[in-house]
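Reader: I want to learn how to read a nonpolar core and a helix packing. Where do we start?

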Amino acid sequence: MRFFWFFLTLLTLSTWQLPAWAGQLVFWEFNTQRRQLQFRTNERVQPEAQLIPDPSRLVIDLPGTVLGSSTVNRSYGGKITSVRLGQFAPDVTRLVVELAPGYTLDPEAIRFEGRSPTDWVVNLPEPELIPVAPVAPSTPEIFNNSANPGNPSNAAPEEAFFNNLVRVTQQGFLVNLDPRPGSRITTDQDGDRLTFTLRDLQLPRSLENQTLDVNRYKVRQIKFEQPSRTEARITLNLEPGSPRWRALYTTYGDGGLVLLPDGGTSSLGGRETGAIAVPTQQSVATAQPQQTIVEALELARNSTQLVIRGSDRLQADGGWNRNEGLYQIRINNARLAQPVRGPQWGGDSPISRIAIRQETANTVLVQIEPAEGVQIGSLSQPNAQFLALDLNRPQTTSPLFVPPAPTAPPPTTQAVLPNFRPPRSNIMVMIDPGHGGRDPGAVGIGGLQEKNVILPISQEVARILQQSGITARMTRDTDYFVSLEGRTQLANNANADLFVSIHANAISMSRPDVNGLEVYYHQSGRALAESIHRNIMRRIQMRDRGVRTARFYVLRNTSMPSVLVETGFVTGREDAPRLNDPAFRSQMAQAIAAGILEYIQNNVR
């Protein structure tokens, strides 16, 4: 994925310095006719901007600045669909200009004007369609499968079919699969073989056990396998000198999986046969007349429900997007009204932010960030033209929001690893309870929130390590939000010996059959992951989903052996009741701590 960075080059601004305290954003407005964004702060600020694709948006960060209010999202329609503001970090306000699907901005034509150290104007060019390179009928978009005995090179119909499933693009490769933005992709490289494992994905039958000769961008072949009904593998056979590759889901066009090389394709050679197809404004406007028009979003029943109203029958599904910490509703066979009416906000609104956009020509996506302490309930359909999402404010005594203290006394060192002796006196372990504060993490059966499951587990792990003579620190010790960057910086700045991130897993609420333990590592964390996994499976009867590699942010950006433990599924019929049980959480904490101590005993000197 390519990011465009803007460097503000006004010489008169080079001597401005950020103050030691945080300023405040005091004014902003967007003029749709002039395509001009103006903002003003009460202290000096040096904006930083980047243009991000998929979906296209201009992100402007104001370091040393606070918003001073809740998140704002204003919809405009047209090619520039909305402008939203939020507190990206404690001292960084973020402005995001969202573009309609299929449009982008010329980064060279975006102009920043610093009228004063506190007063800025951003002039935007006319949004332009993302070009899609046409492909001549005689030029195949993918290459024959002559290496596969089951697909002879003269099988023209089969070649044409593969062209519809796999494409060479200007950025890399696109595989037309059922898009699953919330599903996890793990990566494992062994020499010149790079394997992406895609959970909860079924390959098209015509791709199962197929090997395609590619010979583009330093990739010789792409192999497709379906080892189980819920797991697919895509393996790249790489040439020497190939860069690192990433796999990302996209929901543009027909959706699919994008394979991208770090650093882009320009230096890798190979014929480029067209960009990844994205919907254009024209394709949205000319949608079939039977599409439902999403007209309005309203707060109802004393702000305990969010209601979405359409012109005709609405068909939708909802679930949590764990990467963004947002609940999202995807409405099929629908398009947005121009403009769509948003809810009336009150002082005690149960929602911090709502974003709604035309995700594809036939799909509308609604993303909801609940206010602090508000629990997302069930999504129902009172009648054909309405969707209703319950918004629940918990009682202060609810065990889902205020985890009760363990009934048993704190475990002793002898109960965990009887013969443990610290190899040295200054060993430090950073324990990282994921999510927290405004980010509940995964939400599962009965509204069980991930952040409330893993905090007591993490606190007990830290206590056991301290009792065992190991210095244990936590990235958060109560219910507040810490960014991914903040978590890794805490570990790196403390020169921790180990980093253990603790989470609870989730999948669609329609899959309560998926349960079990997973432990992830990246590079140097394998032995630590195996030690924790082994000790959990020794002590707890639960399903085993194994030790896996992954490129999670907290694993890639910590400088010590690091692991991420998924203690079970809050959406699983077996795991959820146990994760909500203080006795089970204590048992899980003891097992994780035992794995850490066993690793220290055998590997740390």
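Author: Start with the term. A nonpolar core is a set of buried Ala, Val, Leu, Ile, Met, Phe, Trp, Tyr and Cys residues joined through side-chain atoms within 4.5 Å. In soluble globular proteins, nonpolar side chains tend to be buried together. Note that this model is predicted.

Reader: How many residues does the largest nonpolar core have, and which have the most contacts inside it?

Author: The largest core holds 48 residues. Val461, Val500, Ile536, Ile592 and Ile596 have the most contacts inside it. Elements giving two or more residues include β32 (428-433), α4 (450-467), β34 (498-505) and α6 (526-539). α9 gives the most, 11 residues.

Reader: Which residues is Ile536 in contact with, leaving aside neighbours within four places in sequence?

Author: Ile536 touches Leu517, Met542, Val565, Met588, Ala591 and Ile592. Another core lies apart from the largest one. That other core has 28 residues, among them Phe196, Leu201, Leu212 and Ala232.

Reader: Which residues of α4 and α9 meet?

Author: From α4 come Val453, Pro456, Ile457, Glu460, Val461, Ile464 and Leu465. The α9 side includes Arg585, Met588, Ile592, Ala593, Ile596 and Leu597. By class, the contact has 12 nonpolar, two polar and two charged residues.

Conventions: Residues numbered from 1 in each chain as written. Predicted model: local features only at pLDDT ≥ 70, side-chain atom pairs only at ≥ 80, totals over all residues. Heavy atoms only, no water. Buried < 20%, exposed > 50% of the residue type's maximum accessible area, 1.4 Å probe, protein only. Helix = DSSP H or I, 4+ residues; strand = E, 2+ residues; numbered from the N terminus. Contact = heavy atoms within 4.5 Å. Nonpolar A, V, L, I, M, F, W, Y, C, P; charged D, E, K, R; others polar.
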